[in-house]
Amino acid sequence: MNFEIYQPLYILAAFCFIFGLKNMSSPATARRGVISAELGMLIAVVSTLLRHEVVSYEWIIIGLLVGTVIGIPIAVLMPMTAVPQRTAVSQACGALASALIGTAEFYKGQHGFTVAALMLETLLGFLTVTASLMAWGKLQEFLPGRPITFKGQLFFNLGILGLAIAFAIGIVVDPVGNAGLYPYFVALALIFGVLLIVPIGGADMPTVIALLNSYAGLSACAMGFALDNKLLIIAGALDGSSGFILSIIMCRAMNRSFSNVLFGGFGQVVAAVAGKEARPVRSATPEEAAEILGDARSVVIIPGYGMAVAQAQHKIRELYDALIKRGVDVKFAIHPVAGRMPGHMNVLLAEADVPYDKLIEMEDINGEMAMTDVTLIVGANDIVNPAALNDPTSPIAGMPILDAYKSRTVMIIKRGMSPGFAGIDNELYYMDKTLMLFGDAKSFVASLVKEVSANHN
Amino acid sequence: MNYEFGFYVFMLAAFLGFELIRKVSPLLHTPLMSLTNAIASISVVGAIILSGEKDASTLSRVLGFIAVVSATTNLVSGYLITDRMLKMFKKREPGRK
């Protein structure tokens, strides 16, 4: 093996990636982690350009420039509420790159183990492309967010996947003779990606986005095997395992299994049950609610996806300020699956300048709920639904929830009485200590802020 | 080519990934996903090799070029937005307004 400068540089790049991920463990060091990972990528790109087999530069440079020109506005202009969509699109781009490289390598006439690695790379790559685009469509609401299920869906989907794998095996066995199968294989992978997302509802997006992240990483990893490139293997494996463990964490936070998320069609089953008669609820005006909030000693705010939709995070931060000024102890309770991607709520509240030590995880805050005067729920439903604990027949039975029902007063900001995403009725609305605050989250919180600050004088 | 060695690397890296990610606070799950998503754009390396080769076929050149563009898009936007997000995580700032 001839020595080339890229070899030690690749090791350095791999070190930078690992060091970067390690620093992500705490907010205090996280930015250092990103810089380290950026440095790793820069080293990887520059040292690849220095490889002796890379001789023609013009298209590479143009490609890098075009990608940068597209990438910068995406990153800079994207509002924080759209972060899940951006992640999905970005995943589709990364997976597309991986799939196309695999395709080109295949047509170079590889054989043996390399072909097997290429098949895995392109299978994961192509299915992640369409799956990510579908996820994007659902998040952006081009496509209906509700899960679409049909009879025999599981068998149909697995049939498509099985066929794709069968073609792949055929190609591996005889890469030259069966090369004609390759376009069909690609088509099947693309179709499977679409089918994979069709039955998945918006509430399961955190799990799915994480899982697709994992696939994109594993695809890069398979490319590493095909090209005999250890740096690709390491970076791909880091991404693959991170996406995988995040999706496990998300599943656990919903008390559901992987297969249930992927094939469960969550939310569809329940729609029939929801049509019960209207029960009386207590509602309150902003004035009344503000008075209770202002007189409380402790307030816990529980944000959900509705906060993101209404863009209410900045108003909530103002409410937080106004209450703190009056000596109220305010905390935020964050459910692991609130929102459309892991950690979604934290980013939105951080954007609104809420100090992150006020964002409390579920396990830590639930113990305090019984001592809390008021919980204010903004755009969340299933994650505070006591049915998860009390009703074994409920579709969300067993899902860990934020124990809002234990606090002395519960306030829920909601547009109307329609059930939440999963279509499940919520007992919490009908409790005696519950006040429903009907209205748009953003404008309602704005009037709360006004009242709380005015009462103070 | 040494596949066996590749599998050792894969196993260790995957294990390391699991251990590192498990320790990440849920607070940072979104930036973490953006970052690992950006790291996955390491496929740009493969794209550069593919499109830079001396006698690459037209197919390789075309697919390689598209791959460079899309991997770079992934890379640039992934890193920039991760950094933008992390900039927002502050402990306690001097009172605004």
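**View 1. Strand β4(A) pairs with β5(A) in this predicted model.** Five bridges join β4(A) to strand β5 (residues 409–414) of chain A. The two strands run parallel. Look for Val378(A): opposite this residue, in β5(A), stands Ile413(A).

**View 2. Strand β1(A) also pairs with β4(A).** Strand β1 covers residues 298–303 of chain A. β1(A) and β4(A) pair in the parallel sense, over five bridges. One pair to find is Ile302(A) and its bridge partner in β4(A), Ile377(A).

**View 3. Is strand β4(A) buried or exposed?** The strand spans residues 374–378 of chain A. Five of its five residues are buried, so β4(A) is largely enclosed by the rest of the structure. Both faces are covered. Val374(A), Leu376(A) and Val378(A) lie on one side. Thr375(A) and Ile377(A) lie on the other.

**View 4. Helices α5(A) and α7(A) cross.** Helix α5 holds residues 113–140 of chain A, and helix α7 holds residues 182–197. Their axes come within 7 Å and cross at roughly 35°. The crossing is right-handed. On the α5(A) side, the contact residues include Leu123(A), Phe126(A), Met134(A) and Lys138(A). On the α7(A) side, they include Val186(A), Leu190(A), Phe192(A) and Ile197(A). By class, the residues of this contact divide into 14 nonpolar, four polar and one charged.

**View 5. Domain 2 of chain A meets domain 3 of chain A.** The domain assignment gives chain A a domain 1 (1–73), a domain 2 (81–263) and a domain 3 (286–456). The centres of domains 2 and 3 of chain A are 36 Å apart, taken over C-alpha atoms. In the contact, 18 residues of domain 2 meet 17 residues of domain 3. Which helices of domain 2 each supply at least two residues of the touching side? They are α4 (83–107), α8 (205–227) and α9 (230–253) of chain A. The domain 2 side has 13 nonpolar residues, five polar and no charged.

**View 6. Chain A touches chain B.** Here 96 residues of chain A are in contact with 78 residues of chain B. Several elements of chain A give two or more residues to its side, among them α1 (6–23), α2 (30–49), α3 (58–77), α14 (344–351) and β3 (359–361). Which element gives the largest share? That is α9(A), with 16 residues. By class, the chain A side has 58 nonpolar, 25 polar and 13 charged residues.

Methods:
Residues numbered from 1 in each chain as written. Chains lettered and ligands numbered in written order. Predicted model: local features only at pLDDT ≥ 70, side-chain atom pairs only at ≥ 80, totals over all residues. Domains from an automatic or database assignment. Contact = placed C-beta atoms within 7 Å. Helix = DSSP H or I, 4+ residues; strand = E, 2+ residues; numbered from the N terminus. Nonpolar A, V, L, I, M, F, W, Y, C, P; charged D, E, K, R; others polar. Axes fitted to C-alpha atoms, helices over the stretch in contact; angles between N-to-C directions. Left-handed = near helix turned anticlockwise from the far one by under 90°. Buried ≥ 20, exposed ≤ 12 C-beta atoms within 10 Å, placed from the backbone. Pairing = 2+ DSSP bridges.
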